[in-house]
Amino acid sequence: MASAPPTPDGAYNAAGTAFQAGRLDEAHSILLPWVQAGVPDARLHGLLGFVLRRSGDVPGAEAALASARRLAPLELVYILAQGELMTAVGRMAEAETAYRDVLALAPPRATGQPLAKPVLDALEGLASALLAQGRPSEVLPFLQAEVDAGSRDLRLLFLQAQIHRALGQPEAALEIFEQCVREHPQNPSLRHNLAAGYADLQMWPEAERASAESFRLGARGEAPWLVRGRALTGLGRLSEGEDIYRQAVEQGLAGAEIHRDLSQLIWMQTGDLKESSAPQRAVLARDPLNLGATTALAKLHQVAGDLEGAQAVVRKALQVGARDVSLHLLLSDIDLSLGDAASSRAEAERARALDPEHPGTWARLCDADLALGRPDSAAATVEEILSFDPHNVTATARLATAYRLMGDPRYKTLYDYETSVQTYEIETPAGWSSLPAYLSDLASLLTRLHSFRKEPFDQSLRNGSQTSQNFMRSSDPVLQAFFKAIDAPIRAHMQRISKVPGRLGRRHLGDYRIAGCWSVFLRPEGFHAGHIHHQGWLSSAFYVEVPTQPSPNPRAGWIKFGEPGQPTQPKLEAEHYIQPRPGLLALFPSHMWHGTVPFTSPERRITIAFDVVPRMPVR
């Protein structure tokens, strides 16, 4: 056995060599005597922190790094390591503080000098911490300051684009990706991200071309296959898209999203549970712990109405050793749909124990509390979310439900139907002799665009189909006329909303952007379950074609408001209805629960829906 190094320098060098070689016990035994003796050498304490972290000793690593930082308060590597450790264990507020300290203490950068690695690492870490806490916009000033100072670092630009994507600003992200590809045309990763940026905006031809180029340049991993499959599917080349997903599965490249997209694509074309689930069942036969296949299979059973089957899939995965917060959250959702609110809350608690910062946990806990008749607890949960994310649509909808159950008068400020729900009849677009003539052409176009038989996953749609094309980028004069026709009603409604007190009215900026637009076919017995639009400010329903035959229910096919999409105790019924007719546009807050009364006539029902988000006027 080699003798112990006689000096701190010798100990540091010997321990560093052992650490790099993966001999953690040896590195630990070299460093520990010096640290326990109180030798004031930050390098020894810091390296011990790295050794303990890799060994899984979080408290020990935290203490050693804190000692290193006290001994060398300006040494960025130890502060950065604290942030990374806190990120790894989900203590995001403490991670955020450490990353901000790195950025505050970093020495000024001379013009033209590249960003130091610790600064880039801290920017990425801060973005991650703020994203986890629902505050991604706070990192943008840091990023923009570096860009304004002349930095062209690809990591920085990529991070800036990712934050724009997280903020629902895909156009800004795409602009950055296009700029990066112009400067580095042979970079496969950048070309793939350009394809992903086009896909975010449903610019399917551009996404497909960029995706093909990324593969030619040698892009690797799951993400390029995912984007290529989505681009081909968006172009209507369904068999090619399905083949891409299947190849990714066969090559072991498929994660949760590819498994989901493959099973969803087969389901929407066939409506056959057995056929749609075959790829996932084959994977699980080989790998019972495959998270992506498990989740996709459970989702298939859910959308097919087999909740017990979905529950069994998730429980089996947990029984054989799967350990992931998303499985507990999915099981919580399934249990709630089956009417077992107590089990739903227990699963949400298990999810929170695994990852206290997971953004989906609070919603599941809140929904379980509403179903258990505990609206005060639910309200407290979402009020905390809204304190730092005031425009969170999901939280606002849950808060309204809690207030209604509590009899709290603040409910009426959130669900003011008289003021914030309005209908408008569009003007006949130029080039058509009448509104019925225009609607007939619009119905014919939409019929051609509907290529699926069944609804996608995680949507309110039941017994119907939904388009996947980006209507806003269509050159078809019929769709272009639609967007011109809805402009005046949207602006009138925004002006009306701007006078509403509270968060809804304060979001008015003077202009708007359509964040998404799609068409829905409902067939006999079809309806929308109660839902909200998570990414919108204002949402809509435009009626192109509606059933005309009488129904036993005089409100069959009507849009209804106020009935939550999740169970409550006591049950809450709809409070407000609108009778649809062709050419009518309904506009309402995105946080308002809305659904459709089922209809039974053999006719179809064609609608267009879109979401509106605020935008500053272009000068």
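Student: Is strand 4 mostly covered or mostly open, and how many of its residues are buried?
Tutor: Strand 4 is mostly covered, with seven of its eight residues buried. Bear in mind that this is a predicted model.

Student: Which strands does strand 4 pair with?
Tutor: Strand 4 covers residues 538-545 and is joined to strand 9 by five bridges, the two running antiparallel. Five bridges also join strand 4 to strand 7, residues 584-589, and that pair is antiparallel too.

Student: Which residue stands opposite Leu-538 in strand 9?
Tutor: Leu-538 stands opposite Val-612.

Student: And what is the partner of Ser-539 in strand 7?
Tutor: Phe-588 is the bridge partner of Ser-539 there.

Student: Let's zoom out. How many helices and strands are in the chain?
Tutor: The chain has 28 helices and nine strands. Its radius of gyration is 27 Å, close to the 25 Å that the globule rule gives for 619 residues, so the chain is as compact as a globular protein of that length.

Student: What does the C-alpha trace span along its principal axes?
Tutor: About 95 × 55 × 50 Å.

Student: What share of the residues is buried?
Tutor: Of the 619 residues, 52% count as buried. The accessible surface of the chain is about 27500 Å², and 52% of that surface belongs to carbon and sulfur atoms.

Student: What share of the contacts comes from residues 24 or more positions apart?
Tutor: Those pairs account for 66% of the contacts with a separation of 6 or more.

Student: How many positive and negative side chains are there?
Tutor: There are 62 positive and 69 negative side chains. The centres of the two sets lie 2 Å apart.

Student: Where does Gln-202 sit?
Tutor: Gln-202 is in the loop between helix 11 (188-200) and helix 12 (204-216). Its relative accessible area is 27%, so Gln-202 counts as partly exposed.

Student: Back to Gln-569. What does Leu-372 touch?
Tutor: Leaving out residues up to four places away in sequence, Leu-372 touches Ala-341, Ala-342, Arg-345 and Gln-569. Leu-372 lies in the loop between helix 21 (361-371) and helix 22 (375-388).

Student: How far is Leu-372 from Asp-324 in space?
Tutor: The two are 25 Å apart, C-alpha to C-alpha, and 48 residues apart in sequence.

Student: Which helix holds Ser-344, and is Ser-344 buried or exposed?
Tutor: Ser-344 is in helix 20, residues 341-354. Ser-344 is buried, with a relative accessible area of 0%. Beyond residues up to four places away in sequence, Ser-344 touches Ser-332, Asp-335, Leu-336 and Ala-368.

Student: And Thr-361, buried or exposed?
Tutor: Thr-361 is buried, with a relative accessible area of 2%. Thr-361 belongs to helix 21. Apart from neighbours within four places in sequence, Thr-361 is in contact with Leu-329, Ala-348, Ala-351, Arg-352 and Asp-355.

Student: Last one: where is His-576?
Tutor: His-576 is in strand 6. At 25% relative accessibility, His-576 counts as partly exposed.

Student: What does His-576 touch?
Tutor: Not counting residues up to four places away in sequence, His-576 touches Tyr-417, Val-421, Ile-559, Lys-560 and Phe-561. Ile-559 is 17 residues from His-576 along the chain, and their C-alpha atoms are separated by 8.5 Å.

Definitions and conventions. Residues are numbered from 1 along each chain as its sequence is written. This is a predicted model: local features need pLDDT of at least 70, side-chain atom pairs count only at pLDDT 80 or more; totals for chains, interfaces and linings use all residues. Side-chain values use heavy atoms; hydrogens and water are left out. Helices (H or I, at least four residues) and strands (E, at least two) are DSSP runs, numbered from the N terminus. The radius of gyration is taken over C-alpha atoms; the globule rule is 2.2 Å times the number of residues to the power 0.38. Buried means under 20% relative accessible area, exposed over 50%, partly exposed in between (1.4 Å probe, protein chains only). Contact means heavy atoms within 4.5 Å. Accessible areas come from the Shrake-Rupley method with a 1.4 Å probe; for residues, only the protein chains shown count as cover. Lys and Arg count as positive and Asp and Glu as negative; His and the chain ends are not counted. The place of a charge is taken as NZ of Lys, CZ of Arg, CG of Asp or CD of Glu. Two strands pair if DSSP finds at least two bridges between them.
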